[in-house]
Amino acid sequence: MSEQVLKEARREQRKVMLGAILGQRVALAGFFIMVLIALLAILAPVLAPQGPYDINPLDRLLPPSPKHWFGTDSLGRDLLARTLYGLRISLTVGGETALLSTVIGLALGLLSGYFRAVDNVVMRICEGMMAIPPMLLAIALVAALGSSSENVVLSMCVAYMPMVARVARASTLSVKEQTFIEAIKSSGAGWPRVLFGHIAPNIMSPVIVQATYIFASAIIIEAAMSFLGAGVPPPDPSLGNVLYDAKSVIFKAWWTTVLPGLVMVLTVLGLNILGDGVRDAMDPSGK
Amino acid sequence: MAPLLRVDGLRTEFRTLRGSVTAVDGVSFEVEAGQMFGLVGESGCGKSVTSQSIMRLYDEKKLARHSGKAILDGEDLLSVSQKRMRQIRGRDISMIFQDALSSLNPVFTIGWQIQEALKMHQKLGKRESRERAIEMLRLTGIPSPDKRVDCYPHELSGGMRQRAMIAMALVCTPKLLIADEPTTALDVTIQAQIMEMIVDLKDRLNMGVLLITHDLGVVAQTCSRVVVMYLGQVVEEGDSCDIFDNPRHPYTIGLLRSVPSVSTKKGDPLPVIQGSVPPLDKAGAGCRFADRCPLADEGCKIEPPALVDLGGGQKARCRKLDLTGG
Amino acid sequence: MCLMLSYLLKRLFHVVTTLLVLSLIIFAVLHLTPGDPARIMLGPEAPEETVEALRVKLGVKDPLPLQYIRWVGNALRGDLGDSYFRNESVASAVGKHLGATIALSVWSQLLAILVAVPAGVYAAKNKGGKVDAAVAAGTLAGISVPSFLFSLILILIFGVWLKWLPASGYKTLSQGIGLHFRYIALPVISLAFMQASLIARITRSTVADVTSAEYIKTALAKGVPGTSIMFKHALRNAFNPILTTIGQTFGLLLSGASVVETVFNIPGLGQLMVSSILKRDYPVIQGLVLITSLVYVAVNLVVDLLYGVVDPRVRVIGENA
């Protein structure tokens, strides 16, 4: 009892103080932020006062006003429109990257966790790839393939895939040893059924958490790549491009940095909180 | 002569969300110098909390509140400052724990850890303190101690780790050693060796030993006096021979009966105490053992029994002592 | 000692295989490039014979395995080839831009460690308290605000509004210590923020784990004072996860440095990278990726070795380290 009581007491203390501030409520907040952000992106054509490419040379660098909530940029484009459409592109690029790298990484991780022969080859390659910082690998690939949003997604996917593969492999290794897998095997199931029908569903939670973080990170990295000239090519308004344009007029027009920046932070924050929340919900030991 | 340690009405409460829980409720006993004293009970009866309260190891700001007295050599441990308590710990009272592997720090050699204990309380040169550490390891019966002193905990066997921990606890020759289930995690043969060694060192250093265990066999072999605890309270106390020959509390009787002995015939069912230790906050107003007691009546569930002095230093907390008398 | 040596050899073998795969990947990426390097270098108007001569000289017509071996051989001797557009070798271009990036990354890493470790320890010690909540919120912000955006915001506040610090440019240490730090302060802070957040998060959770370990109770029972328990017993055990995180996030720092450099107009590797991407100067891009990865691998090797020094158990287990 004594140890139990102690543990419980400690856990409860944590819950009372921190839990109220940062616990599940925050995960819920993350979820709502993401719903809001997704709605903004989907409704961009309705919400934006004009098109994101419409240039009005007379309205250059206008501060926020009822007509242009976010002001205008150096070409007189409406910043709210560019931010909303940029959000659309960033979410698409980030989401596609997360989805694609997760699917491929999951498959590779499952196979290399299950078959030793595959393991040696795949994991060596993954280790080599992970020795290159993901953003640099993505940049090198975009530079080689040519700059387009498809290539940006493809490159980031290559850069992130090894991380998912590693997580999936580690989980596969531990699930594979469990008794129920033995039972299924002894009932005569072939390896594809065992691997994809029974092991895969059991390793989804860490993989999903990883996917959420990749989503957030891909949005940041795409924007960073825009700064280096290897992101979604302009004039398409990704959040990175919008902020890159803001850099040159930072002395004259603060709103071009601050307002789109806020939207970007909110998006990444929402995803990170959601990821933390999902992780905590799945890991009851609560670190 | 005053006893080495006198615990008087010790009460430890833990603060939790649902109010406070009293894990130790008015425990009193006395340990003499050179005595082996047994504190017995099932897990969850508050015996470890008792010892850690005496050592003041709980976080007193956030978690635990103590009351009562624990007087060691005329000084009340429960009322001294934390600073003074640090001087006492390791020098006057030492403690060894159940699982030596997790109780020794994995990143330091055992020599370093023994010397750290020395360094806290005595001014010694580097070489001297190393020699003391080796000497201590030799005393605990570790073979080639001059080599083992540079080993990390994971490089030693379970029995050797426990010996190293005992060496660490005794290096400043404390007056009292608290041994919290020192042999539970070990093989049976090693258990006996370790207990023998503790008894031997106790005699040599003339220290008191407070042995916390659920193993009545160990107590019968080594302790001269015993306290039996149940749900934070002392239910029976007495000299070891009295308790084992003539237990009076139904809980003690149940415990003793459930120990298999050589005379137990094969095939005979081993008697057990019905049920299990209930959670602390579920304890009723009356006798805490009432729900599991074969002798309990309605009165037991309402009226809390007092600790009755039975003469000859034996005491028991029961209303039905007339039914349990030898 | 013998254990330590075998651990060392194992790690080195691991690094060699990693480098082999790494070089293959980088080589493969370059050869995905659709263009013809000789044509790119000489421009569309150059006569075919000149281009053909250059192709032979560059060796691009040799079989791929031969090209790979030649490239690795040259790289091992420090020769990363020549830039298509600069009148210099890749090595010399990198050399000219290396200083600023090293200064930026080293200062950022130092700042991040100095802030994050104490913050994480303090938060873990006062779990559930106000400081803990503040650290949690701060680190969440740190991993959610990209470094370039944070740079822009810092420029806006300290360069544009308050006018305390220069908004762009770079001065080397030899141009004056004060000047160097005035110029590099904002870039370092922007880069250190995310780094510090990641380190503080892992510090908090590992220290919290470690302080509830049994051996902490043992040390307390020996009479070891609280600060000593924290810094000797707890932190030493928490050291490895923290060190691993520092090593792993060093890659983020290196790539983050490129971006921060472009924002602040610092003549470092990032700037070289941007101009090379714009001009499709593949040998330079290839060299940059290779060098950055080598640094990253080297840092992680050092981390792995320290790991073995700090935690005696690792020398035995080794493999999973």
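This is a predicted model: local features need pLDDT of at least 70, side-chain atom pairs count only at pLDDT 80 or more; totals for chains, interfaces and linings use all residues.
Residues are numbered from 1 along each chain as its sequence is written, while chains are lettered from A and ligands numbered from 1 in the order in which they are written. Local features need pLDDT of at least 70 and side-chain atom pairs count only at pLDDT 80 or more, whereas totals for chains, interfaces and linings use all residues.

**View 1. Helix 6 and helix 8 of chain C cross in a left-handed manner.**
Helix 6 (residues 130-144) and helix 8 (residues 177-211) of chain C have axes that come within 8 Å and cross at roughly 135°; helices are DSSP runs of H or I with at least four residues, and strands are runs of E with at least two, numbered from the N terminus. The two helices of chain C, helix 6 and helix 8, are therefore oblique to each other, a class left over once angles under 35 degrees (roughly parallel), over 145 (roughly antiparallel) and 65 to 115 (roughly perpendicular) are set aside. Helix 6 of chain C contributes C:V135, C:G138, C:T139, C:G142 and C:I143, which meet residues of helix 8 of chain C including C:F193, C:A200 and C:R204, where contact requires C-beta atoms, placed from the backbone, within 7 Å. The residues of this contact are seven nonpolar, four polar and two charged.

**View 2. Helix 9 and helix 10 of chain C form a right-handed crossing.**
Helix 9 (residues 214-222) of chain C packs against helix 10 of chain C at an angle of about 140°, with their axes 11 Å apart. That makes helix 9 of chain C oblique to helix 10 of chain C. On the side of helix 9 of chain C the contact is made by C:Y215, C:I216, C:A219 and C:L220, and on the side of helix 10 of chain C by C:I229, C:H233 and C:A234.

**View 3. Chain C touches chain A.**
The contact takes 47 residues from chain C and 43 residues from chain A. Among the elements that give two or more residues to the chain C side are helix 1 (2-32), helix 7 (147-161) and helix 12 (282-310) of chain C.

**View 4. Chain B contains 13 helices and 12 strands.**
The C-alpha trace of chain B spans about 65 × 50 × 40 Å along its principal axes. Of the 326 residues in chain B, 46% are buried, a term for residues with 20 or more other C-beta atoms within 10 Å of their own. Among contacts in chain B with a separation of 6 or more, 64% are between residues 24 or more positions apart.

Terms used: Axes are lines fitted to C-alpha atoms, for helices over the stretch in contact, and angles run from 0 to 180 degrees between N-to-C directions. A crossing is left-handed if the near helix is turned anticlockwise from the far one by less than a right angle, and right-handed if clockwise. Two residues are in contact if their C-beta atoms, placed from the backbone, lie within 7 Å. Ala, Val, Leu, Ile, Met, Phe, Trp, Tyr, Cys and Pro count as nonpolar, Asp, Glu, Lys and Arg as charged, and the others, Gly among them, as polar. A residue is buried if 20 or more other C-beta atoms lie within 10 Å of its own, exposed if 12 or fewer, and partly exposed in between; C-beta atoms are placed from the backbone.
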